[in-house]
Each structure stands twice: as structure tokens, then as C-alpha cells.
Amino acid sequence: MAFWWPLIVLAFAYAICRFLFMLIPPNVPSIEVDASDVLDDGNQSFIYVPPRGRTAQSETKVQCYEPATMKYLGYYPALTTDEVKERVSLARKAQKTWAKSSFKQRRLFLRILLKYIIEHQDLICEISSRDTGKTMVDASLGEIMTTCEKITWLLSEGERWLKPEYRSCGRSMIHKRSKVEFHPLGVVGAIVSWNYPFHNIFNPMLAAVFSGNGIVIKVSEHASWSGCFYFRIIQSALAAVGAPENLVDVITGFSETGEALVSSVDKLIFVGSPGVGKMIMRNAAETLTPITLELGGKDAFIVCEDADVEHVAQIAVRAVLQSSGQNCAGAERFYVHKDIYSSFVSQVSKIVKSVSAGPPLAGKYDMGAICMQEHSERLQNLVNDALDKGAKLVVRGSFGHIGEDAVDHFFPPTVIENVNHTMKLMQEEAFGPIMPIMKFSTDEEAVKLANDSKYGLGCAVFSGSQCRAREITSQIQCGVAAINDFASNYMCQSLPFGGVKDSGFGRFAGVEGLRACCLVKSVVEDRWWPYIKTKIPKPIQYPIGENGFEFQESLVEALYGLNIWDRLRALVTVLKILSDQNSHAGTTGKRRDD
């Protein structure tokens, strides 16, 4: 006890000091971001009715409006190929300076951003809400919390995972030291979707900048207004830490703008649909640009008969209605055990029936708008196809006061039962607030149904037995899985995020996502330089000796043989050959001297 007592006292004193240190507020500079032109002053803005159909690149302006009210927000330029290349060139020049920055400087950049985000949550959420139609709560969950979690993870662990990582050298290279180094790639490109405009910009930007890269982000034409404001926050934080101008850039435009970015950068991250992802892959192949593709999903939500139905029902409704169902990792297929099927349908129907949808900033609504024009019509077509094939519409939520011009941007939360896999609703990504529920009888059937999809992003499995839930989860073909929860993986930012099959490949977030922004370089050097150096053994020096292969054969067995006696015998042979070679060399040398 006499030995341990001082150690215990020291440990306790250390803990107290750490606690007291936490009480000291960090000295983080504040930044000012001009938001005067994006604040809603209450004045009536004119209603904008966009043309139907896909916007051609020949259009030189990206028109922006509020999907929930159709109020006009303004426009941004659709950049040409040459303009995109110029922006990437400027970012490349800035990156050469930033690559030499310290982790201390990079962490300060993150802390400044974190401070601004926490102090301006309402502003960030309101702008996201106006540009994409989501509620303030949905914006807080999907924009603020996820981004803050990523920043705090990078502050805590980012440097650790970017420092050289030492690896074992194996038997033949025991005299060496081997490591993996992580260097910046240069300029990362990102083409991001509209559903979470704040987080979709900050997510790739944080990883790229912290790993020493520059980044150019092409925001969606459906979220350019908010994206360009969020860019101001990044610019102000970079300026506050003395980072070079143009290190980060946000560009606007249509397909030509995105194509130009793919061919100009050193790495591309794409978040969008499988169709566009395949086009990007073809373009990236021309320059062999490495890409990460996150292409959405059709996530399975499995509920076993031993699950707490009342508890799971609340999670299920949040999983399908968050941001009006417009989530890459949204629950889109519900498989419920036959013994609790009726109870589950009843519970979720009761909740969904109480949900009201409407303009999120105009009243107290539970759900907001559908962001993209004409998408409501597509959602209704999926529902109609299911009903025509025998499904039953159980319940729908209600609408609040919606402007006449904005009706097409809303879709009621909907519960449908008796669905099957012949229906498009169970095969195509809906990206909307629809809950199709199907029965299953055995765990094997649930796994088979979950895997019967061209997508493979995520899944959720609920059971009173975690062991059972783990067993089911392990058999589902997807990149992200949650046990007795839904989408909690994304709040664990140490974990990679991505899918398989038509959901794409590669990972962002976590260690894998951070290192994906790096040139991964393996380095080997002498462990005891200059005392021990690599020397080619005499038998295999040029010209190769007569016993060169015998030496090599024995060396392999001495190093890797399975039997210790065989290895020792081979080692004796190696030493004998070396000794004979040296003796022969010595004799030859004496003859020459004579």
C-alpha cells in the first residue's frame, strides 16, 4: 500500500487539475459574417414559379426560391468550364501554402467555426429551412448536430490519424523501420446534394482542409442560395487564422459546371443519385481521378416480435419523416414480424395521423416541404402503383395553410400496409415521407427481403435480444447498420459512412474518410543507420553464383518455415553457403596478390 499511495494521490491531483482546466473558457476569436441580405425582413417577396423539367446548362443563372412558399430568393451564376478551371487553379495555388500549416492552426480554424455555429444556430437553421423547406428541428438535427459532432471529433482525434503510422516490418526486414505517411492530395472536389445544404458543404470541407487540402464544392442548383451564404462563414473563419485566399471555394451551376470540376481536381466526392454517379465515374475515368460515391439508399427497418413496439414506433416515424423523408440514409422499407404487425401499424398510424405539414417558418408544423419541383407527383405515382397492386393506404397526416403556388411542394406523411416487392415503392428510392410496411415470419425471411434491393447503404434492426439483432444485421448487405436504433452511426463521426451496390463505394467520415483525402505513402528506412545497412548477399550478387538459387531457397525456409527444426537446418545451410562464398572469395583474392 505504501508503494501505491503516492501514485493514487498523483492520479487524483492530475484529474483535479484536468477538471479545473476544463473550467477555463478557451480563447477563441469571434468572426462577423454579413447576413443582412439573407434575413427575412417580413416584406412580401414576389412568387417565383420555376419552369418544369430539367434546367439546361444554356441557362446562365441558377434561380433560387423557397419551396415552402415559392418566394423568390435571387440567383447565382452558372459557371462555365473555363471559370471552374480558374477557380480550381486558384485553390491549388492556395493549397501549396496551406499544406505547410500546423495542426494548431487547423484546430483554431475548427474552433472558430464551432463557436460561430453554436452562437448562430437559429440563423443557420432558418436559412436551411427557407432554401430546402425543412423544419427548424429537422435542420438542427441534420445540419447543426452532425456538423458539430464532426468538428469535435476532428479536434479530438484528427491529428492522431494523420500522423505517420508505424507498421511491423516482417521477418525479412527486421532491420528496417516502416511507416505510413498521410500527405495532402492537393485540391479535393465535392459535388453535393441539396437535402442538407449546410452539413453537405461542411462535411467534405472539414476533412479536406484539416488534412491540408484545398477544396472546391459545387452546390446543388436546388440549394445555391443557402450554400453561398454558408460559404461566407468558411471564408471568415479562414481569414481569422491567416489561411490563404481561395483555399475553399463554392461554385454554382448545372451539369456542365459539375463535369468541369470532375476533370480538374485531384479527388472527387459526390453525393447524389446512381444515374449521375455513373456519369461522374465515366468522366473521372478519363483523368483517373479517384472518387467517392454516396448514391442514396433504400434502407431496411426490421422489427422483431420481441421488440418494444411503442418505443420502436416513435423511432420509426422519425426515421421516415425527418426532413420530409429526404434523407440518403432514410428508412424506406419496413419489415415487421407478423405477430406484432397489427400493433405496429396501429402505433405508427396514430403518430403519423397527428403530424401536420406546412411552411415551417409560417406556423407550428411537424413537417416541412418537398424541396424539388415535381417530386410530389413522383411520390404519388409510387403510392398509386402500390395501391394498384394490392397495397392498402392506412393513414395520412394533415396539411396546414399552404399557398396555392406551393401545393406541388408538399406531400402528406403516409402509411401503407400489405406491400410487396413487386411494387416500385419497395424497389425505387422514394426520398419522401412514405412508410410502406411488410410482414415477415422468420429472421431468414427478413434478411432475404432486406437484401432484395439494388441499394445497400444502411439498415436498422430492432429486437429484445441484442445478440439476435446483431446476427440479423451481420447478414445484411450494407455499409451502415444500427442495432435497436436508426441512423445513430452518423452521429458517431469516428465511423466511416458509405454503402455498397447502387449506393456507391468509398467512405467519408471517420478515419477512413479523413485519410481518403490524403496521398497514402509507405516509407521504409534503416532502423540502425548507418551501422546496419542493406547488403546484397554474395550468392545473389551479379553475376549470380552457381549456388544462388540454393541460397535463396534455404533463406526462404529459414525465414518462413512452419517447423522450427526445418528452419534451423535451413539457417545452417544459409550460413554454410555464405561461409563457402567468403572463403572462395578470400582464396581468389590471395591468388591475385601472388
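Helix H4 is largely enclosed by the rest of the structure, because nine of its twelve residues are buried. The model is a predicted one. H4 covers residues 121–132 and reaches 16 Å from its first C-alpha to its last, close to the 16 Å expected at 1.5 Å a residue. Its buried residues are Leu123, Ile124, Cys125, Ile127, Ser128, Ser129, Arg130, Asp131 and Thr132. The cover over these residues includes strands E1 (61–65) and E2 (72–77), together with helices H3, H5, H6 (197–210) and H7 (224–240). Just after H4, Gly133 takes a positive phi of about 90°.

One of the elements covering the buried residues of H4 is H3. The 17 residues of H3 should span 24 Å at 1.5 Å a residue, and the end C-alpha atoms of H3 are 24 Å apart, which agrees. Buried positions in H3 are Phe103, Arg106, Arg107, Phe109, Leu110, Ile112, Leu113, Leu114, Tyr116 and Ile117. The cover over them includes H2, H4, H5, H6 and H7.

H3 and H4 pack with their axes 5 Å apart and at an angle of about 75°. That angle makes H3 roughly perpendicular to H4. On the H3 side the contact uses Tyr116, Ile117, Ile118 and Glu119, which meet Gln121, Leu123 and Ile124 of H4. By class, this contact has five nonpolar, one polar and one charged residues. Tyr116 and Ile117 are among the buried residues of H3, while Leu123 and Ile124 are among the buried residues of H4.

The packing of H3 on H5 has another geometry. The axes of H3 (residues 103–119) and H5 (residues 136–162) come within 10 Å and cross at roughly 165°. The two helices are therefore roughly antiparallel to each other, and H3 passes H5 in a left-handed crossing. From H3, the residues Phe103, Arg107, Leu110, Arg111, Leu113, Leu114, Ile117 and Ile118 take part; their partners in H5 are Ile144, Thr147, Cys148, Ile151, Thr152, Leu154, Leu155, Glu159 and Leu162. These residues divide into twelve nonpolar, two polar and three charged. Ile117 and Ile118 belong to this contact and also to the one that H3 makes with H4.

**Helices H2 and H8**

A further helix pair is formed by H2 (residues 81–98) and H8 (residues 255–262), whose axes come within 9 Å and cross at roughly 40°. H2 and H8 are therefore oblique to each other, and their crossing is right-handed. Thr81, Val84 and Val88 of H2 make this contact with Glu256, Thr257, Ala260 and Leu261 of H8. Its residues comprise four nonpolar, two polar and one charged.

| Helix pair | Crossing angle | Axis distance |
|---|---|---|
| H3 and H4 | about 75° | 5 Å |
| H3 and H5 | roughly 165° | within 10 Å |
| H2 and H8 | roughly 40° | within 9 Å |

**Backbone features in loops**

One joins Trp529 and Pro530, with omega about 0°; Pro530 lies in the loop between E22 (518–526) and H16 (548–560). Another joins Tyr542 and Pro543, with omega about -5°, and Pro543 is also placed in the loop between E22 and H16.

Leu288 has a phi of about 55° and lies in the loop between helix H9 (274–287) and strand E9 (291–294). Leu288 is exposed, with a relative accessible area of 73%. Glu374 has a phi of about 75° and sits in the loop between strand E12 (356–357) and helix H12 (375–388). Glu374 is partly exposed, with a relative accessible area of 28%.

**The chain as a whole**

The secondary structure of the chain comes to 17 helices and 22 strands. Its C-alpha trace spans about 110 × 70 × 60 Å along the principal axes. Of the 594 residues in the chain, 51% are buried. Among contacts between residues at least 6 apart in sequence, 73% join residues at least 24 apart.

Terms used: Residues numbered from 1 in each chain as written. Predicted model: local features only at pLDDT ≥ 70, side-chain atom pairs only at ≥ 80, totals over all residues. Heavy atoms only, no water. Axes fitted to C-alpha atoms, helices over the stretch in contact; angles between N-to-C directions. Helix = DSSP H or I, 4+ residues; strand = E, 2+ residues; numbered from the N terminus. Parallel < 35°, antiparallel > 145°, perpendicular 65-115°, else oblique. Left-handed = near helix turned anticlockwise from the far one by under 90°. Contact = heavy atoms within 4.5 Å. Nonpolar A, V, L, I, M, F, W, Y, C, P; charged D, E, K, R; others polar. Expected span 1.5 Å × (residues − 1). Buried < 20%, exposed > 50% of the residue type's maximum accessible area, 1.4 Å probe, protein only.
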